[in-house]
Amino acid sequence: SISGIKNEEVSHGNSPLGTKSEANKGYVLSHYIIDKDVTLTTGEVIKAGSPVTKENLSKIIVKENIKVTAVYEIATYKVTYKTDENGTITGIKEETKKYNESPTGTTVTPSKNYELLKWTADKEITLKDNTKIAKGDVITEEEIKQIILESDIILTAHHKKTTFTVYYKNEVGTNITGILKEELKEGQNPK
């Protein structure tokens, strides 16, 4: 949308001040289009219909009425995948997606004796079903593919040490007293 001046009177041979053009949510200003050939203060000629940058807009030497049209494009955002020191991103480490699209997801390989515990985001996210997940809260691999992108985001994989379970079983005619199973990390001995 255009805010500020919408029509500007400029004396012959002067340059326009320009105006503010603010993109709607999910869009960014790409460039401007001018309906007539114009010359910039640098001497460069820009043909009608050619893209004009915001910087060059204020360098136009006005010699006749011109119409300036702001051109917007859908915003794109960067999704970065990271991991803690106990794993490796073996899939894509970064991807670019358009506004309102969702990340593809990636593959993470835990280090030896570790397993994936959770994913987290560096900011609050919204899923397609409008569920909000706070910064740092658990995100599943399936939920990653449901995120609605509205800005750049960093997703981090967190791992935990793999645990093993020891089950104690008795033979017929005997009783076990005490613990029947215990969780151990690699290298730990049962009690």
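In this predicted model, the count of aromatic pairs comes to one. The partners are Y81 and W119: their ring centres are 6.2 Å apart and their planes meet at 85 degrees, so the pair is edge-to-face. For that label, the planes have to be over 60 degrees apart.

Where do Y81 and W119 lie? Y81 belongs to strand β9 (residues 76-83) and W119 to strand β13 (residues 114-121), so the pair ties together parts that are 38 residues apart in sequence. The table shows how accessible the two partners are; under 20% counts as buried.

| Residue | Relative accessibility | Class |
|---|---|---|
| Y81 | 3% | buried |
| W119 | 2% | buried |

Let's now look at the nonpolar cores. The largest one has 19 residues, and those touching the most other members are Y81, W119, I125, I139, I147, I153 and L155. Strands β9, β13 and β16 (153-161) each supply at least two residues of this core. Take I147 as an example: leaving aside residues up to four places away in sequence, I147 touches E101, S102, P103, I125, T126, L127, I153 and L155. Another core, of nine residues, lies apart from the largest one, and its members include Y32, V38, V52 and I60.

Finally, here is a sheet to trace in the structure. Three strands form an open sheet in the order β6-β3-β8, with antiparallel pairing. Its edge strands, β6 (51-52) and β8 (68-74), each pair on one side only. Strand β3 (residues 27-34) pairs with β8 in the antiparallel sense over seven bridges, and H31 stands opposite V71 in β8.

How values were computed. Residues are numbered from 1 along each chain as its sequence is written. This is a predicted model: local features need pLDDT of at least 70, side-chain atom pairs count only at pLDDT 80 or more; totals for chains, interfaces and linings use all residues. Side-chain values use heavy atoms; hydrogens and water are left out. Rings of Phe, Tyr and Trp (its six-membered ring) pair if their centres lie within 6.5 Å; planes under 30 degrees apart count as stacked, over 60 as edge-to-face and the rest as tilted. Helices (H or I, at least four residues) and strands (E, at least two) are DSSP runs, numbered from the N terminus. Buried means under 20% relative accessible area, exposed over 50%, partly exposed in between (1.4 Å probe, protein chains only). Two strands pair if DSSP finds at least two bridges between them. A nonpolar core is a set of buried Ala, Val, Leu, Ile, Met, Phe, Trp, Tyr and Cys residues joined through side-chain atoms within 4.5 Å. Contact means heavy atoms within 4.5 Å.
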